[in-house]
Amino acid sequence: MTSTTSYEGPVPVVLAGARGHGRWHLQNIRRLQDKGLVRLAGICELTPLTGEELEDFGAPGELPAQSADFGALLDSTGAAIAVICTPIPTHTDLALTAAARGVHLLLEKPPAPSYAEFRRMADGVATAGVVCQIGFQSLGSHAVPAIRELVAQGTIGRVDGIGGAGAWARAEEYYRRAPWAGRRRMNGVDVLDGVLTNPLAHAVATALALDGATRAEDVTGIETELLRANDIESDDTSCVRVTTTAGSRITVAATLCAEHPGDPYVLVHGTSGRITFWYKQDRVLVQRSGHGPQEYTYARTDLLENLVEHLEGRAELLVAPESTGAFMKVVEAIRQAPDPLALPADAWYLEPEENRRVVHGVDGLVEAAADTLALYSELGASWAPPKEVST
């Protein structure tokens, strides 16, 4: 627990980045404001939000302050919490700007584009004495501790490994959503907007959490296979296998070029059963020897709400920076890997109605990787590159 802080009325919050995914945060702050927990004190955007975009927050004279100067906005509003949902390369500097003012943080995932930047952020936040929550919303699911308890009880026997599968689809417009979209670097700065580090980062982080391998020192080896069907710099069809100090194997395969997109999931393999977790739905399926299948749906704790409760001494923080160290080791391995291999032209086709590229057979490969803990190259994908190993 952190030391208890009391506030006069709702906790003042500043949101940095209110468009794109930031719209979700805007709606969530509105929800918590209606509950009397927080108050949107300010919005940091290069182009101010319009009255129409902020109509849920009251009449024009009641709207939150807006400024493109994050530090000045924190000062003028007296914010206690900053929610940062800005381009990946800006995370560390903005987090440290807030920390220097004693402002607590909800920092979107991935927390940084490199392990060095992650350490600069995490060490700076710790030195400043502020609380930082990393925005892996799936780790707020009550299914995560429930699955870990099932494993500890031996429900599926000894765990042999954990797989993750994400078969998603993104139109070509997705890569034009921002100048940094689909980039590995921009103006000499790391970006790493790839399938495993951004859109399906939750699959990696959730698999690591279910294994209990969340700290950087829990990782001993990382193998990567990074590919792309789209005309981008970063990867859109990739897999990674993590080896831990406990000897666990965690393989996550993902694509944004699925034939038939579906909900991503994490799969815990045991000697006498398996547990499947569809983390976006908080849904769990337990299959084990001698029993019929059992399905459960769990509640989820919102991470901003948890941060407020933590600051008030009523809850443990769910996703501290150190608990994302193993994920950041995966990000670093992807950063250091060779640039993603462009798939040959006959490996994919254009779906004209949706204006997106589809990789032949990739759905089955993603599923097989999660099921067998094998990499694409080991599953016989002719286009898979030689795997890279990083420790």
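This is a predicted model: local features need pLDDT of at least 70, side-chain atom pairs count only at pLDDT 80 or more; totals for chains, interfaces and linings use all residues.
Local features need pLDDT of at least 70, side-chain atom pairs count only at pLDDT 80 or more, and totals for chains, interfaces and linings use all residues. Residues are numbered from 1 along each chain as its sequence is written, and side-chain values use heavy atoms, with hydrogens and water left out.

Q: How many residues does the largest nonpolar core have?
A: A nonpolar core is a set of buried Ala, Val, Leu, Ile, Met, Phe, Trp, Tyr and Cys residues joined through side-chain atoms within 4.5 Å. Buried means under 20% relative accessible area (1.4 Å probe, protein chains only). Phe 70, Ile 81, Met 121 and Phe 327 have the most contacts inside the largest core, and its residues number 99.

Q: Which helix gives the largest share of this core?
A: Helices are DSSP runs (H or I, at least four residues), numbered from the N terminus. The largest share is eight residues, and it comes from helix α6.

Q: Why are the buried residues of α3 on the same side?
A: The buried residues of helix α3 (residues 91-99) are His 91, Thr 92, Leu 94, Ala 95, Ala 98 and Ala 99. The arc is taken from the directions from the helix axis to the C-beta atoms. They lie on the same side of α3 because they cover an arc of only 170°.

Q: Which elements do the buried residues of α3 pack against?
A: Contact here means heavy atoms within 4.5 Å. Strands are DSSP runs too (E, at least two residues). The partners are α2, β4, β5 and α4.

Terms used. Buried means under 20% relative accessible area, exposed over 50%, partly exposed in between (1.4 Å probe, protein chains only).
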